[in-house]
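Please read it alongside the sequence and the structure.

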Amino acid sequence: MLMPSRCSTQASGDRSGETPLAIIHRDAYLCAIHKPSGLLVHRTSLDRSATRFAVQLVRDLVGCHVHPVHRLDRGTSGVLLLALDRDTARAVGAQFEAGTVAKRYLAVVRGHPPVAGTIDHPLGRCRDDDASPPVEARTCAPQAAVTHYRCLAKTELPHAVDRYPTSRYALLELQPVTGRRHQIRRHLKHVSHPVVGDATYGKGRHNRLFARLFGSDRLLLACIELGVTHPATGRPLTLAAPPADDFVGVTDALGWQRAVMGR
């Protein structure tokens with residue numbers, strides 16, 4: 001039986017001097033925030049200079065230790081769910097492991113994919129925010145990985161990239177069934193439609209074009225919805241976050257307002 005957390009019921013605010021985090025759900029067991037692009041979920045050796053982490057910021061907001069139950073890459077914005085105690089973290093984490101959590105993402109990608117499709121491509125293990133697998137994992141068999149997608153909008157810009165006189169881009173809605181590390185980014189690279197702004201799996205020339213045209217230096221990938229079963233009540237819990245302003249600034253510039261709002 002889950003016991004409610006003894007965390008403070010009053011949010012104390014982000015004392016870091018930075019933009020405060022937006023809490024999109026809070027109860028005695030769970031807290032969900034709208035994580036901005038560029039914020040690490042927790043401390044990592046991959047960036048020793050970082051001083052702000054979602055886990056620490058949420059801990060300061062709610063007044064107790066918190067436990068992330070899933071991953072969001074540093075560059076990905078959107079719904080980040082945390083548990084307020086270890087038992088809740090284990091219960092919700094088991095849903096992610098079992099593949100019963102509904103997940104929806106938006107991504108701006110290079111090229112014009114089909115109207116809809118499924119990427120069924122096993123993925124090997126890799127470190128967080130790093131394309132290379134650790135030495136001990138390189139001999140492990142790839143794990144099953146499935147991502148469904150549909151194309152919401154397309155555009156073609158009059159800018160030459162590589163050997164082509166114009167450049168094509170699309171807005172995708174994605175639903176990963178499994179939860180492999182960097183799954184969406186690696187799957188989209190596999191089908192030659194990498195996420196714009198992805199420095200690891202993407203195309204530098206396209207990333208630089210978006211930086212020049214739209215001032216965008218972020219990974220254009222956002223988690224817009226998670227659906228879980230609440231571990232205490234047993235009821236469905238849907239957590240939603242609209243795309244962040246720095247994401248919408250790009251999609252608006254591409255004329256995709258209706259596609260983003262009407263998805």
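The model is predicted: local features need pLDDT of at least 70, side-chain atom pairs count only at pLDDT 80 or more, and totals for chains, interfaces and linings use all residues. Residues are numbered from 1 along each chain as its sequence is written, and side-chain values use heavy atoms, with hydrogens and water left out.

**Salt bridges**

- The whole structure contains 10 salt bridges (a side-chain nitrogen of Lys or Arg within 4 Å of a carboxyl oxygen of Asp or Glu).
- Arg 59 pairs with Asp 60 at 3.5 Å, N to O; Asp 60 is partly exposed at 32% relative accessibility.
- Glu 225 forms a salt bridge with Arg 104, and their closest N and O atoms are 3.2 Å apart.
- Because Glu 225 lies in strand S9 and Arg 104 in strand S5, this pair ties together parts that are 121 residues apart in sequence (helices, H or I with at least four residues, and strands, E with at least two, are DSSP runs numbered from the N terminus).
- Glu 225 is partly exposed at 24% relative accessibility, whereas Arg 104 is buried at 18%.
- Arg 104 and Glu 225 also belong to a salt-bridge network with Arg 150 and Glu 173.
- Arg 168 forms a salt bridge with Glu 156, with the closest N and O atoms 3.5 Å apart.
- Arg 168 is in strand S8 and Glu 156 in strand S7 (residues 146-157), so the pair ties together parts 12 residues apart in sequence.
- Both ends of this pair are partly exposed, Arg 168 at 44% and Glu 156 at 41%.

**Helix H5**

- In helix H5 (residues 245-253), the buried residues are Phe 247, Val 250 and Thr 251.
- These residues are on the same side of H5 because they cover an arc of only 95 degrees around the axis (taken from the directions from the helix axis to the C-beta atoms).
- Their packing partners are strands S5 (102-110), S8 (167-176) and S9 (221-229), and helices H4 (204-214) and H6 (257-261).
- Gly 255 follows H5 and has a positive phi, near 80 degrees.

**Ala 244**

- Ala 244 lies in the loop between strand S10 (236-240) and H5, and is buried at 16% relative accessibility.
- Leaving out residues up to four places away in sequence, Ala 244 touches His 34, Ser 77 and Arg 218 (contact means heavy atoms within 4.5 Å).

How values were computed. Buried < 20%, exposed > 50% of the residue type's maximum accessible area, 1.4 Å probe, protein only.
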